[in-house]
Every structure is written in structure tokens, then in C-alpha cells.
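This report describes how two parts of one chain lie against each other. Look at the sequence and the structure first, then read on.

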Amino acid sequence: AKHESEEMRRSILNMVSHDMRSPLTSLHATLELALQGAYGNLEPRLSKILVKCDSEIMRLVRLANDLLDAELIHEGKFE
């Protein structure tokens, strides 16, 4: 049972490290380009919404990074 829970924990962390962060990073980059005008001028209201969306995306990225850091601490590998 302990081995199964360890395997599940590692599986979740692998999902967080790749399956979550990769699309979030891509979304962040796309929003940054939009906010810098790469896709044309944005209405101020839309810019405000995109800034908020980007902020929430970065919050999720930080959360994913925190989970990975917690795993490194758990394994004694955190520097």
C-alpha cells in the first residue's frame, strides 16, 4: 500500500511538472505577446482582462513549482 501511494504521488508530481506547466507557460507567452501588441492594438478593457488572466496563470505556475519544491524537500534534494 505504501509503495502504491508513493507511485501515485510521483505520478501526480510528474503530471504537475510537465502536463500542467507546459501549457500554462505557453498561455503566458501568448498573453505576453498580446499585451505587447504583437497581435494588434487591444482595447483597454481587454488588456485589463488579459493582465488578470496572465496573473492567474502565473499563480498556477508558482503553485506547480511549489509542489515540485516540496517533493525535492521530501526527498532531501532541495538546494
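Helix α2 is followed by Gly76, whose phi is positive, near 75°. Helices here are DSSP runs of H or I with at least four residues, numbered from the N terminus. This is a predicted model, in which local features need pLDDT of at least 70 and side-chain atom pairs count only at pLDDT 80 or more, while totals for chains, interfaces and linings use all residues. Residues are numbered from 1 along each chain as its sequence is written, and side-chain values use heavy atoms, with hydrogens and water left out.

**The helix α2**

Helix α2 covers residues 44–75, 32 residues in total. From its first C-alpha to its last it reaches 47 Å, close to the 46 Å expected at 1.5 Å a residue. The expected span is 1.5 Å times one less than the number of residues.

The buried residues of α2 are Leu50, Asp54, Ile57, Val61, Ala64, Leu68 and Glu71. Buried means under 20% relative accessible area, exposed means over 50%, and partly exposed lies in between (1.4 Å probe, protein chains only). What covers these buried residues includes α1, residues 2–35.

**How the two helices pack**

α1 and α2 pack at an angle of about 155°, with their axes 9 Å apart. That makes α1 roughly antiparallel to α2, a term used for angles over 145 degrees. Axes are lines fitted to C-alpha atoms, for helices over the stretch in contact, and angles run from 0 to 180 degrees between N-to-C directions.

α1 passes α2 in a left-handed crossing, meaning that the near helix is turned anticlockwise from the far one by less than a right angle. By class, the contact of α1 with α2 has 18 nonpolar, five polar and eight charged residues. Ala, Val, Leu, Ile, Met, Phe, Trp, Tyr, Cys and Pro count as nonpolar, Asp, Glu, Lys and Arg as charged, and the others, Gly among them, as polar.

**Single residues**

Leu13 lies in helix α1 and is buried, with a relative accessible area of 12%. Leaving aside neighbours within four places in sequence, Leu13 is in contact (heavy atoms within 4.5 Å) with Leu67, Leu68 and Glu71. Met15 also lies in α1, and at 35% relative accessibility it counts as partly exposed. Leu46 is in helix α2 and counts as partly exposed at 38%.

| Pair | Apart in sequence | C-alpha separation |
|---|---|---|
| Leu13 and Leu67 | 54 residues | 7.4 Å |
| Met15 and Ala64 | 49 residues | 9.7 Å |
| Leu46 and Leu35 | eleven residues | 9.4 Å |

Definitions and conventions. Angles under 35 degrees count as roughly parallel, over 145 as roughly antiparallel, 65 to 115 as roughly perpendicular and the rest as oblique.
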